[in-house]
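This briefing is intended for a reader who is new to the structure shown below.

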Amino acid sequence: MRDVTGRLMLLDTASLYFRAYFGVPESVRAPDGTPVNAVRGLLDFIDRLVKDHRPDHLVACMDADWRPQWRVELIPSYKAHRVAEERPQGPDEEEVPDTLTPQVPVIETVLDAVGIARVGVAGYEADDVIGTFTARATGPVDIVTGDRDLYQLVDDARGVRVLYPLKGVGTLQVTDEAALREKYGVDGRGYADLALLRGDPSDGLPGVPGIGEKTAAKLLAEFGDLAGILAAVDDRQARLTPTQRKRLDMARPYLAVAPKVVRVADDVPLPDVHTALPRAPRDPAGVDALAARWGLGGSLRRLLTTLSA
């Protein structure tokens, strides 16, 4: 990772092109009739993000492995319900809409031609790439994602915030520590503990039975963090109900491994990549060819105009 000065914007790319796919009609097609709604929607979204937030650096973070084996070994149910096909070698195939799958290589090729840095690392999810870029950044960071798991990275002192799409890709919620405390009763550091206690069906995380979001927030307010909660289980003077104590005690095997699964990695071996916002396309001829092949003219023109401003 090269020196990054100024505002860094990190895109949770798969999260955003999923949103674009469902937010833009499938009637948006290439000249040959192939749907390109996710491609066009993502380009329009990036255009708006750059216009509205003016980052100095931009990285499209990718899922090189959407379900890393090291997480599955710790919690076998992790994202298991989203597996379309298990593969003995390499990442399992994720269940993705048939008309979205062919658009992903187009998205990757277009980003490369425009010159937007695109980073995925074998054995890691995009969340982990984002976590590592964030840990190494020296300036403010905007994380753009539809995945609340990344709320754990919010840090007012370092200027790290999450831009969370509320409706499609058009309306963003700026999430800082005040927003987290208002909605969840925790700051960024506490969000991972909240998430692993309450569980997350969308990721196949069981959580602690009987400990929902409100109870988890109260426990964290009382005891500080997961370690403090577990210490309270062993302390008969601590203010836990008998039922809470029993449930947390029985969940110790899960709680021993869940932190490593839920918390994003911050030590991913990032490649040496040029992250500065491109002012001109890296491959102008390639951009023109892609615009013609996939009918992306309007979206690409708007993005390139914004980048050059």
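In this predicted model, strand β1 is largely enclosed by the rest of the structure, because five of its five residues are buried.

**The faces of strand β1**
- Strand β1 is covered on both faces.
- Leu8, Leu10 and Asp12 lie on one side of β1, Met9 and Leu11 lie on the other, and all of them are buried.

**Pairing of β1 with its partners**
- Strand β1 pairs with β2 in the parallel sense, and five bridges join these two strands.
- Within this pairing, Leu11 stands opposite Ala60 of β2.
- Strand β1 also pairs with β6, again in the parallel sense, over four bridges.

**Strand β6 and its link to β7**
- Strand β6 is likewise covered on both faces, with Val141 and Ile143 buried on one side and Asp142 and Val144 buried on the other.
- Strand β6 pairs with β7 in the parallel sense through four bridges.

**Asp12, a buried charged residue**
- Asp12 belongs to strand β1.
- Although Asp12 is buried, it has no salt bridge.
- The nearest side chain of opposite charge is that of Lys79, 8.5 Å away, whereas a salt bridge requires a distance within 4 Å.
- Apart from neighbours within four places in sequence, Asp12 is in contact with Cys61, Ala126, Asp127, Ile130, Val144, Thr145, Asp147 and Leu150.
- One of these contacts, Val144, is a buried residue of β6.

**Helix α1**
- Helix α1 comprises residues 13–23.
- Its buried residues are Thr13, Ala14, Ser15, Leu16, Tyr17, Ala20 and Tyr21.
- In an α-helix, residues three or four places apart point the same way, because there are 3.6 residues a turn.
- The elements covering the buried residues of α1 include the strands β1 (8–12), β2 (57–61), β6 (141–144) and β7 (160–167).
- The helices α2 (37–53) and α4 (103–114) are also among the elements that cover these residues.

Conventions: Residues are numbered from 1 along each chain as its sequence is written. This is a predicted model: local features need pLDDT of at least 70, side-chain atom pairs count only at pLDDT 80 or more; totals for chains, interfaces and linings use all residues. Side-chain values use heavy atoms; hydrogens and water are left out. Buried means under 20% relative accessible area, exposed over 50%, partly exposed in between (1.4 Å probe, protein chains only). Contact means heavy atoms within 4.5 Å. Lys and Arg count as positive and Asp and Glu as negative; His and the chain ends are not counted. Two strands pair if DSSP finds at least two bridges between them.
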